[in-house]
Amino acid sequence: MKRKIRTILRYLAALVVALSILGPMAWLFLMSVSSTADLTRIPLEWLPRQWDFSRYASLVSLEPGKPGALFLHALLNSILVACGATLVSLVLAVPAAFSFSRYPGRDGWLYAGLGIYMVPPVAFVLPLYFILEQLGLLNTRIGLVLVYCSLILPFLTWMLKNQFDTLPRDIEQAARLDGLRFWQVLLRITLPLAKPMLGASALFGWLLAWDEFFYSLLFTSNIAAQTLPVTIAGFTAGRATDDGLIAAVGILASVPPLFIAIWLQKTLVGGLASGGSKG
């Protein structure tokens, strides 16, 4: 009896979590297909009287005067910047985390990197602005990639270091006795074993870059490098705001993270299934 009650409570908890996640997305979708009259009707009706998908058509259109040109360009900027920052951060975080894990005594540097997150981002605005200005990288995708790496790299290093600590070291020691060097052990032994955690780290780092708003707002001035969060905020400017259009933008902006999560989920499952062995 107690087992059944626990099972029921577990499913109820899962249902509450699912509703808390899917509920806002469902309401956002209903807003995106509702007319202005439906959105301003009192009392509010849950379902629109007339379903309108014209906002989605305008967002994926490149016709002049349509919001699609602005939205699609910002979407491309966000994808390129998020992928670039995540890739560069992973390339740097993997050897850094491995060295922190396998060669103790350097935790002070690790805590110093983590302390960056305790400082308000506005404190770094002027130094970063002057650096980007001197390098000619203001209002560029490369400039945003470098700035986002300063946010993602400490996080990924800390996350990977904790995961490397859990891996067995016997295989690595045996590989070193066989003559493999530091980089060979990392590439041939440790990384195959760490494939699941690499996928999780890449996902968190990518989402951190994808959702970033503050630095993108300050270091970009036009659509040449503006990312999606800044562009979405721009849709709210003016006296008349189309709430349905903003809701449609929110729905479309959630599609890339969904595909990234699905793709990395397959990577996680594959890594857990493959593992590594010493023969």
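Leaving aside neighbours within four places in sequence, with which residues is Glu212 in contact? In this predicted model, where local features need pLDDT of at least 70, side-chain atom pairs count only at pLDDT 80 or more, and totals for chains, interfaces and linings use all residues, the partners of Glu212 are Tyr148, Leu151, Thr227 and Pro229; contact means heavy atoms within 4.5 Å. Residues are numbered from 1 along each chain as its sequence is written, and side-chain values use heavy atoms, with hydrogens and water left out.

The chain contains 14 helices and 0 strands, and its pattern along the sequence is α-α-α-α-α-α-α-α-α-α-α-α-α-α. Helices (H or I, at least four residues) and strands (E, at least two) are DSSP runs, numbered from the N terminus. The C-alpha trace spans about 75 × 70 × 35 Å along its principal axes. Of the 279 residues in the chain, 38% are buried, where buried means under 20% relative accessible area, exposed over 50%, and partly exposed in between (1.4 Å probe, protein chains only). Among contacts with a separation of 6 or more, 73% are accounted for by residues 24 or more positions apart.

Glu212 is located in the loop between α10 (195-211) and α11 (214-219). Its relative accessibility is 10%, so Glu212 counts as buried. The side chains of Glu212 and Tyr148 are joined by a polar contact of 2.9 Å; a polar contact is a pair of N or O atoms within 3.5 Å, and within protein one must be able to donate a hydrogen and the other to accept it, while residues adjacent in sequence count only if both atoms are side-chain atoms. Arg102 lies 110 residues from Glu212 along the chain, and the C-alpha atoms of the two are separated by 32 Å.

Tyr148 is also one of the residues with the most contacts inside the largest nonpolar core, together with Leu160 and Phe164. A nonpolar core is a set of buried Ala, Val, Leu, Ile, Met, Phe, Trp, Tyr and Cys residues joined through side-chain atoms within 4.5 Å. This core has 55 residues, and its largest share, 11 residues, comes from α4. With neighbours within four places in sequence left aside, the contacts of Tyr148 are Val81, Ala85, Ala209, Glu212, Tyr215, Ser216 and Thr227.

Helix α4 (residues 68-102) packs with helix α12 (residues 228-235) at an angle of about 155°, and the axes are 8 Å apart. Axes are lines fitted to C-alpha atoms, for helices over the stretch in contact, and angles run from 0 to 180 degrees between N-to-C directions. The two helices α4 and α12 are therefore roughly antiparallel to each other (under 35 degrees counts as roughly parallel, over 145 as roughly antiparallel, 65 to 115 as roughly perpendicular and the rest as oblique). In this contact, α4 contributes Leu70, Phe71, Ala74, Leu75 and Ser78, and α12 contributes Leu228, Pro229, Thr231 and Phe235. These residues comprise 7 nonpolar, 2 polar and no charged, where Ala, Val, Leu, Ile, Met, Phe, Trp, Tyr, Cys and Pro count as nonpolar, Asp, Glu, Lys and Arg as charged, and the others, Gly among them, as polar.

Helix α10 holds both Ser201 and Leu208. Ser201 has 0% relative accessibility and counts as buried, whereas Leu208, at 36%, counts as partly exposed. Beyond four places in sequence, Ser201 is in contact with Leu156, Met159 and Leu160, and Leu208 touches Tyr117, Leu151 and Ile152. Leu208 and Thr241 are 33 residues apart in sequence and 28 Å apart in space, C-alpha to C-alpha. Helix α13 (residues 243-253) is mostly covered, with 8 of its 11 residues buried; among them are Gly244, Leu245 and Ala247.

Two further loop residues were examined. Leu167 is in the loop between α7 and α8 (170-177) and counts as buried at 11% relative accessibility. Not counting residues up to four places away in sequence, Leu167 touches Arg102, Thr190, Leu193, Ala194 and Met197. Asn139 is in the loop between α6 (125-135) and α7 (141-164) and is buried, with a relative accessible area of 17%. Its phi is near 60°, a positive value in a residue other than glycine. Most residues other than glycine have a negative phi.
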